[in-house]
Amino acid sequence: TVDTFSVLDYSRQLVTPSAEMLQAYDAIILFTDAWPDDVAGPDAYDAIGDLLADYVDAGGGVVLCEFAINGIAAGIRGRIATPGYAPFSRGFAEVDFGEEEDRLVVMDSIEFPLHPVFNGVAVDSLVLPGNHFLGYPELDETAILLAVDDHGTNAVAVNAAGNVIGLNMHFKHLVLPNDYTEAVKLTANSILYAAEASVRR
């Protein structure tokens, strides 16, 4: 079962899900918008980050994607952004309102045998969907870098516990799956891998 939930309502007020609600799911994938300057309260993203860390501590898995891991307005903060949780820490971001640029994975950055997040993924033709924003997240000191893209950014990483994965890519592949079939597979594999972390331990 896959459900969607927005943490901002139509009036842009924060709607924080309960810990009990999240525990009904094996894993969560999180995207945020780039510039939510009108969000009420400066602590909104700290609250979400603390909640996600509690969820991970209780056995859940999390996949964090572009904007949530970039050093711009919508970057998730709180405990999920501390060492040992999110594999990426917020680095800087470039903004270019010209053409949206997709990115390719640098093959030399991938180790073989492939990590399970790449199972069934044609890594030599993996296109990471891009946007006008290009984030350069830093690798957490406890995390494992799985891939770098051709813009020199950390693209895919997993924390040491295997229950939080960072995907530095835009979410448009979920809207245009036929254009980004390998990115969809990578995302699905990442959710499954994060969800199964407690089983592997």
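The model is predicted: local features need pLDDT of at least 70, side-chain atom pairs count only at pLDDT 80 or more, and totals for chains, interfaces and linings use all residues. Residues are numbered from 1 along each chain as its sequence is written, and side-chain values use heavy atoms, with hydrogens and water left out.

**Stop 1: the largest pocket**

Select D3, T4, F5, I28 and I29, which lie nearest the centre of the largest pocket among its 38 lining residues. A pocket is an open set of points on a 1 Å grid over the protein atoms alone, with protein on both sides within 12 Å along at least five of seven lines; lining residues have an atom within 4 Å of a point. The volume of the largest pocket is about 1,200 Å³, a volume being the space filled by probe spheres set on the points, which are joined across faces, edges and corners.

Which elements give two or more residues to the lining of the largest pocket? They are α1 (19-22), β1 (27-30), α2 (44-57) and α3 (181-195). Helices (H or I, at least four residues) and strands (E, at least two) are DSSP runs, numbered from the N terminus. Colour α3 next: six residues of the lining, the largest share, come from α3.

**Stop 2: the largest cavity**

Now select L64, A68, I69, I76, I80, A81, A86, F88 and R90, which line the largest cavity. A cavity is a set of grid points where a 1.4 Å probe fits but cannot get out. The space in the largest cavity is about 50 Å³.

**Stop 3: a cis peptide bond**

Go to F112 and P113, which are joined by a cis peptide bond with omega of about 0°. P113 is in the loop between β4 (103-104) and β5 (127-128).

**Stop 4: strand β6**

Select L139, a residue of strand β6 (residues 133-139).

**Stop 5**

Finish with L174, in the loop between β9 (164-167) and α3. L174 is partly exposed, and its relative accessible area is 45%.

Key. Buried means under 20% relative accessible area, exposed over 50%, partly exposed in between (1.4 Å probe, protein chains only).
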